[in-house]
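Hi,

Here is the structure I promised to pass on. Have a look at it first, and my notes follow below.

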Amino acid sequence: MKKQRLFGLMTACVMSLTAFPLSASAASVGDVLQVNPGHQQEQAADLNGYSYEIWQDTTGGNGSMTLGEGGNFSTEWNCQVSRGNFLARRGRRFDCTKTYDQYGTITCEYDCEWSASNSGNSRVCVYGWTTDDSHNELVEYYIVEDWANWYPPDNGNSQPLKTVTIDDAQYKIYTATRTNEPSIFGTKTFQQYFSVRSTPRHSGKISVSEHFKAWESCNLKLQKLYEVALNIEGWESSGKANVTKNIVTVGDSNPDPNQDDPNQDDPNQDNPQQTDPQTPAGDLTTIASHQNNDYTYDENGDKFKDYMGKFFRLGTCISGNTVNDGNATRFILENFNSITCENEMKPDYICDKSRSYGDNIGINLSRADSILKFAEKNGLGVRGHTFVWYSQTPGWIFRENFNDNGAFVSKERMNARLESMIKNTFDEIKKNYPNLKLYAYDVCNELFQNDGGGFRGDGKEFSNWWSVYHSDEFVVNAFKYARQYAPEGCKLYMNDYNEYFVAKCDDLYNMAKKILAEGNYIDGIGMQSHMHYCDFGFSGSATVSKDSKFMPYADAIDKFNSLGLDVQITELDVTTCSKQEGKDLFVDIFKVAMERSKSISSLTLWGHCDAASWRRSYTEDDGKGTQGGDPLPFDSSCRAKDFYYDIAALRNTVQVIEPGEPTPEVTLLGDVDCSGSVDIADAIVLARYNAEDKDVTVSAQGKANADTCADGDINQDDLTYLLEFLAGLRDL
């Protein structure tokens, strides 16, 4: 049969399947679903967080679909008959109550090995529907990524409305009208929207929301979202496909890939971050939107990253020399799933004066190139480190005419240079390493004085940034620029050392609050954690401090998490691990981090073994020249030390703590009902709340306002205090 044109063909493949209600039958990973002319369809709304559907027309042929973990599946079909249609898809179903932009950014990251016959035609695409409340304004949409024996002709009614560039590729936009055809809500007249990629691909990340925006720029109206699914279609063809990755991300979250059938026991129900080697870890908590948990590990493996996999991503730093050492890279690939460039992405390594002009800072990533290619090739996550730093930053970027001895430029011009440095870095990464898993970036590093108590450059210590701005304006600006230009999924951090010193913890906490007050620009705090066995008064504990200048390490984590932010332990080492206090502290840091793993998305050792550590030659300041190196769990020959096994054993005993709700600032003390005033209604609500009246609800803000005694608890004392205030007996 002659190939049909775009609109009639693609609609014919899906019309029958959309008219059926969802099957109520339970399905499991590994199930094989089959269709034929007598059994056209199988579908259900939720398996591992993904809906699925297989469908075939009644004209003849057969097909099958095998359900994999998460959104993965494989399929095979043979419909080489006149008007033979087949479809298999998995994705996310919605409740038709919100438009796409109300869900935030939507993407589909996929990998599909597939083949199809020379007869007919076939395609890989993203597919779905939108609808209004009356179900009369329906839209059926396609984002076509790959195909066999088919492409829409640029003539007649199939001329594209527009050509757009999305995900570094050109797509042609088409539309059509279907009149009185079957749909997800019966026989309807509806619109079809299409984006068709100019060069086919079988893997990559599809910015679904960008296609929606592109359609709307052509006055193609979208309604409330019903579905986003990865779809394999065949028309008068035969073929097979194996989808090994299908991650539909909505906002900053994925469906839990380990949510089994509700009729089956879930061995991992106490740990929603459990995953297999092909599935990203993830968890929907109050803090999940600030995390990127797209990493893999072998839950049955016996390497360090496997032991830590159900808790968080495990990383190490790496240098240009290390990446060329075959023994070192083999060890790193076995034990870690994240890397940080030790120096190669710092400003003095990437800022290129020869490429800079005006107030534009040129970027050259050549010194990081071998490391980034190593990470990209092997699917390792990368922490970017760093943009704003008082150290290892060339002085010329702050000066007139890029002259080291020139006058400082104005704040306005420095803003332009800062923005260009961040933008150009991300642009270079996107252009040269399109498949890099850049999951985090230290936007600002070591802003505060050594032991805390204020910004570097503000009276003590040195910072060119402060010399230009004389305020924290550059910090807020850096995060705004980074949020604007960072690749999707790249989370943004403020990183520092001595972060468990009481004064410095307060510095970081207060600055993070200020950034949050400006908008959703920061995702977390990076705790470098270059430790010493004497820290916390030789307690050897991450939960106890015997020295007043230190707050317990665990308390620092909890304080940062209380803002609703993620924490990443970014540069961990401990001197001296030859002493018992050092070993104990190293193990206890892992313990408190694992307990808080729902609020900690990664832990990075600063070096994969002692030989790679910058602190390997550390000498104790005891007047005796005592060697104090040995800062990591692996010796200089990459052999595990005794306390490594103590860390590994924690995976079987640690109890993961649920993250608490962030505590809001008090807006008006005593305003329990958040009405904007304090009156008897607040006392009534508080009395009912204290009496555990199930018909009264107090918001988190109301609870903060209700703590009139300021003791961290809400009880009868607060009510008494509030009543005395209302009676004029005391002030709030």
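This is a predicted model: local features need pLDDT of at least 70, side-chain atom pairs count only at pLDDT 80 or more; totals for chains, interfaces and linings use all residues.

**What I found**

I557 is buried, with a relative accessible area of 0% (buried means under 20%, with a 1.4 Å probe and protein chains only). This residue sits in helix α13, residues 553-561; helices are DSSP runs of H or I with at least four residues, strands are E runs of at least two, and both are numbered from the N terminus. Leaving out residues up to four places away in sequence, I557 touches M527, V567, V592, R596 and I600, where contact means heavy atoms within 4.5 Å.

Residues are numbered from 1 along each chain as its sequence is written, and side-chain values use heavy atoms, without hydrogens and water.

Zooming out, the protein has 18 helices and 27 strands. Of its 732 residues, 57% are buried. Among contacts with a separation of 6 or more, 70% are between residues 24 or more positions apart.

Then there's a helix pair to look at: α16 (residues 680-690) and α18 (residues 716-726) pack at about 165°, axes 10 Å apart. Axes are lines fitted to C-alpha atoms over the stretch in contact, and angles run from 0 to 180 degrees between N-to-C directions. The two helices are therefore roughly antiparallel (over 145 degrees).

Cheers

Key. Buried means under 20% relative accessible area, exposed over 50%, partly exposed in between (1.4 Å probe, protein chains only). Angles under 35 degrees count as roughly parallel, over 145 as roughly antiparallel, 65 to 115 as roughly perpendicular and the rest as oblique.
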